[in-house]
Structure formats: C-alpha cells, structure tokens
Amino acid sequence: MSRVQANLLLTLAAIIWGSAFVVQQIGTGNLGTISFTGARFLLGALVVLPFALRQFRRVAREERPFQRRDWVGLTVTGLVLCTAAVLQQHGILRTSVANAGFLTAVYVPLVPIIGRLFLQRRVHWSVWPASCGCLAGTYIMSGAQGLNFRLGDLWVISSTLFWAVHVILVGIMASRTRAPLVVAVSQFLVCGLTGLVVGGLVEQPAMADFLGAFYGICYVGVFSVGMAFTLQVVGQRFTPAADAAIILSSETVFAALAGFIFLDERLAAVRIAGAGLILCCILAVELLPTLGKSRPLS
C-alpha cells in the first residue's frame, strides 16, 4: 500500500469518528462509562475477528510466527486504548462537545514530541507547524471564544496523553507484526474485556442498562471501533505516526459536516475558517515532504 492510500484510509477513519462523536454523548443511556467502553470494543472485536484469524494464519505460515513480545506489546496497546477511551468518554459526558473536541486534539502535537523525546524519531519539519495549526483550527471550530472549563475537561485532557501513546504503539505493532487486523482485534479484545470486568466491579450495571444503550453500542461498536480503528491500524502500517495524528484530527471537521448534513447545524464563517486551516495542515504534511529531498529536522 502506498503512503497516499494509507492516508486515505486514515481520512476515512476520521470521517467515521466524526459522525460517531455525538452518539458517544447521547447513546449511552444509563450505562456507566467503563461498561459502555468495554461493550463497544468487544462488539468491534467480534466484527473484525473472522478476518483477523485468517490473516494470523497466513502471516504465521508465510512471513513470521508471532512471538511472546508481540502478544505483550498488543496487550499493552489494548490497555492504553482502554484507558484513553474511558477517560475521554467520562469527560465527554461532563463537558460540552466543543470543549471535548478541542481538548482531544491536544494529542496531535504530543505524538511527534513523544516520538522525538523517547524514541529518537526524526520528522519532517512540516509536522511541527502542521500539528500546531491543527490544534489552532480545532480551537477556532470550537467557537474561538475561550473555553469554559468544566470538571469533564480535566478527564478529556488526561486522555490525550494516552491517545498520543496509542497512536505511536499502533504504528509500532502494525509494522512489527505485519498483521494489522490481528493488531486491531487484539487491542479490541483487551480493551473490551478489561472494560467489562472493571465496569462490572465498579459500576455494577444491570442488563437493563446494556439494553438501554443497545443502539449506541451497536453503532459505535461496529463503525467507530470495528471499522474506523481497524482502518487506523491498517493505515498506520504505511505512514508515520506524526502524520497519522494530524490526518486523524480532521474528525473535528467531519463532525461539523455531519451536523450540517443531518442536523441542519449551520457553521459561522470563523468556524469554516478553522476547518480550512485543519485541511490545509493535512495537505501540507502530505505534500511538502514530496517536494524535493528536504532533510528531516529534529
């Protein structure tokens, strides 16, 4: 797969996440945050499982057998994903969509920073202004009138570090194992089972709570988890983590577009400008590295 094709898959993942953002806020019913996260990721795992088993057998037979280090890495990736998703979901229910959307985007500049500090990764110079531009564009789309901080915002902020680490781990594991579907279903299973076990102990949900959130679990589980997160894993095998984070930040743009199409929500000119800034940053990080042979800067 070419880098352009991989980035198109990441863009499709952002489109799906953008459409699912509102569902995560209104589709949980009375089900607790941890239990809802566990249920949707376990459903996503079941959706991808048949394809992952086929890929696992092929890779183990034709390319490389899976090692203990692989399973440890996949388990850690799933636990990081579970932590990020639970913290974000807990915050989404306790703050505005605008605040949650902007604060989640903080993970975008964190990805190249973590990669540089801890993994000694060098990135093209365009990643740094593009990361800051995406963050600014998300702020403009949130209203650009200052953030009215609430308790939920702290939960969303705390999730950004784990989202950044998750993006990096996904890229590492997809490249190492050469089996992106196996990576996807493994992290889903770990996240789903962990969420249901911990949620059962902490939140003690009744069956009626799961039934009340049934449609939300189905939509987010099948599309946001089963499809979008799998597309992320596949795409990140062929594109750098910093570039992936910038492209995935466009979910904010697609969330606004979905609101315009399906809910007749109108965007002011300033918010359209914010969307344009995000898209320009994505184009910059995609096209600038191909112009000449610029030396990567640290």
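Visitor: Which helix does Leu277 lie in?
Guide: Keep in mind that this is a predicted model. In it, Leu277 belongs to a helix that runs over residues 269-287. That helix is α13.

Visitor: Does Leu277 count as buried, partly exposed or exposed?
Guide: The relative accessibility of Leu277 is 31%. Buried means under 20% and exposed means over 50%. Leu277 therefore counts as partly exposed.

Visitor: How many helices and strands does the protein chain have?
Guide: Reading along the sequence, you go α-α-α-α-α-α-α-α-α-α-α-α-α. The count for the protein chain is 13 helices and 0 strands.

Visitor: What percentage of the contacts with a separation of 6 or more comes from residues 24 or more positions apart?
Guide: On burial, 51% of the 298 residues of the protein chain count as buried. Now for the contacts in the protein chain with a separation of 6 or more: the part from residues 24 or more positions apart is 91%.

Visitor: Is Phe36 buried or exposed?
Guide: Phe36 sits in helix α2. Its relative accessible area is 0%, and the cut-off for buried is under 20%. So Phe36 is buried.

Visitor: How far apart in space are Phe36 and Ile217, C-alpha to C-alpha?
Guide: Phe36 touches several residues beyond four places away in sequence, including Gly27, Thr28, Leu31, Gln89 and Ile217. Phe36 and Ile217 are 181 residues apart in sequence. In space, C-alpha to C-alpha, the distance between Phe36 and Ile217 is 7.0 Å.

Visitor: Are α2 and α10 roughly parallel, roughly perpendicular or oblique to each other?
Guide: Helix α2 (residues 33-62) packs against helix α10 (residues 214-236) at an angle of about 55 degrees, and their axes are 8 Å apart. Under 35 degrees would be roughly parallel, while 65 to 115 would be roughly perpendicular. The two helices, α2 and α10, are therefore oblique.

Visitor: How do the residues of the contact of α2 with α10 divide into nonpolar, polar and charged?
Guide: The crossing of α2 and α10 is right-handed. Among the residues that meet there are Phe36, Phe41 and Val47 from α2, and Ile217, Val220 and Phe229 from α10. The residues of this contact between α2 and α10 divide into 12 nonpolar, 6 polar and 1 charged.

Visitor: How far apart are the end C-alpha atoms of helix α5?
Guide: Helix α5 covers residues 107-119, which makes 13 residues. At 1.5 Å a residue, α5 should span 18 Å. The computed distance agrees, because the end C-alpha atoms of α5 are 17 Å apart.

Visitor: Are α5 and α11 roughly parallel or roughly antiparallel?
Guide: The axes of α5 and helix α11 (residues 241-248) come within 9 Å and cross at roughly 180 degrees. Over 145 degrees counts as roughly antiparallel. So α5 and α11 are roughly antiparallel.

Visitor: How many residues of the contact of α5 with α11 are nonpolar?
Guide: From α5, Tyr107, Val108, Val111 and Pro112 meet Ala241, Ala242, Ala245, Ile246 and Leu248 in α11. This contact of α5 with α11 has no polar and no charged residues, and its nonpolar count is 9.

Notes
Residues numbered from 1 in each chain as written. Predicted model: local features only at pLDDT ≥ 70, side-chain atom pairs only at ≥ 80, totals over all residues. Heavy atoms only, no water. Axes fitted to C-alpha atoms, helices over the stretch in contact; angles between N-to-C directions. Helix = DSSP H or I, 4+ residues; strand = E, 2+ residues; numbered from the N terminus. Left-handed = near helix turned anticlockwise from the far one by under 90°. Contact = heavy atoms within 4.5 Å. Nonpolar A, V, L, I, M, F, W, Y, C, P; charged D, E, K, R; others polar. Expected span 1.5 Å × (residues − 1). Buried < 20%, exposed > 50% of the residue type's maximum accessible area, 1.4 Å probe, protein only.
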